[in-house]
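Trainee: I would like to learn to read this model feature by feature. Please show it to me first.

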Amino acid sequence: MSDGWQWTAGTGTDAAPYFRVFNPALQGKKFAPKGAYVHRWVPELARVPDKFIHQPWKMPHDKQQKAGCVIGQDYPAPIVDHAWARERTLSAYAQAREGR
């Protein structure tokens, strides 16, 4: 059985170096900058401006209200700070490589 779908989704094990940490927001910005899929299939984000579609929590509050997408009310706030989690993961990988 092929695990190609996991590679495509960015969820499988990866032969790339250990420091590759998948970032869904950056992937969205890179490969779907206008967020057409998100606009269509996530109704809470349908009216969010393209600039914020992949990180709506970065939208100023007045724009959230205008888009009908107040973070924490109409759409959940992030549960993980990606930058912090990435650094924590890289640190754990480095320690494991050193045999700690």
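Trainee: What follows α5, and what is its phi?

Mentor: Glycine 99 follows α5, and the phi of glycine 99 is positive, near 80 degrees. Helices (H or I, at least four residues) and strands (E, at least two) are DSSP runs, numbered from the N terminus. This is a predicted model: local features need pLDDT of at least 70, side-chain atom pairs count only at pLDDT 80 or more, and totals for chains, interfaces and linings use all residues. Residues are numbered from 1 along each chain as its sequence is written, and side-chain values use heavy atoms, leaving out hydrogens and water.

Trainee: Which residue caps the N-terminal end of α5?

Mentor: Look for a polar contact (a pair of N or O atoms within 3.5 Å; within protein, one must be able to donate a hydrogen and the other to accept it, and residues adjacent in sequence count only if both atoms are side-chain atoms). Here aspartate 81 is the cap: one of its side-chain oxygens lies 3.0 Å from the backbone nitrogen of alanine 83.

Trainee: What span should helix α5 have?

Mentor: The expected span is 1.5 Å times one less than the number of residues. Helix α5 covers residues 82–97, 16 residues, so it should span 22 Å; its end C-alpha atoms are 22 Å apart, which agrees.

Trainee: How many helices and strands does the chain have?

Mentor: The protein chain has 5 helices and 0 strands. Of its 100 residues, 21% count as buried.

Trainee: Which residues make up the largest nonpolar core?

Mentor: In soluble globular proteins, nonpolar side chains tend to be buried together. A nonpolar core is a set of buried Ala, Val, Leu, Ile, Met, Phe, Trp, Tyr and Cys residues joined through side-chain atoms within 4.5 Å. The largest one here has 9 residues: Val38, Leu45, Val48, Phe52, Ile53, Met59, Ala67, Cys69 and Ile71.

Trainee: What does isoleucine 53 touch?

Mentor: Contact means heavy atoms within 4.5 Å. Not counting residues up to four places away in sequence, isoleucine 53 touches Pro33, Lys34, Gly35, Val38, His39, Leu45 and Val48. Glycine 35, from the loop between α2 and α3, is buried, with a relative accessible area of 2%. With the sequence neighbours within four places left aside, glycine 35 contacts Ile53 and His54.

Trainee: Is alanine 25 buried or exposed?

Mentor: Alanine 25 counts as buried, at 10% relative accessibility. Its place is in helix α2 (residues 24–31). Beyond four places in sequence, alanine 25 touches His54 and Gln55. Glutamine 55 lies in the loop between α3 (36–41) and α4, and counts as buried at 16% relative accessibility.

Conventions. Buried < 20%, exposed > 50% of the residue type's maximum accessible area, 1.4 Å probe, protein only.
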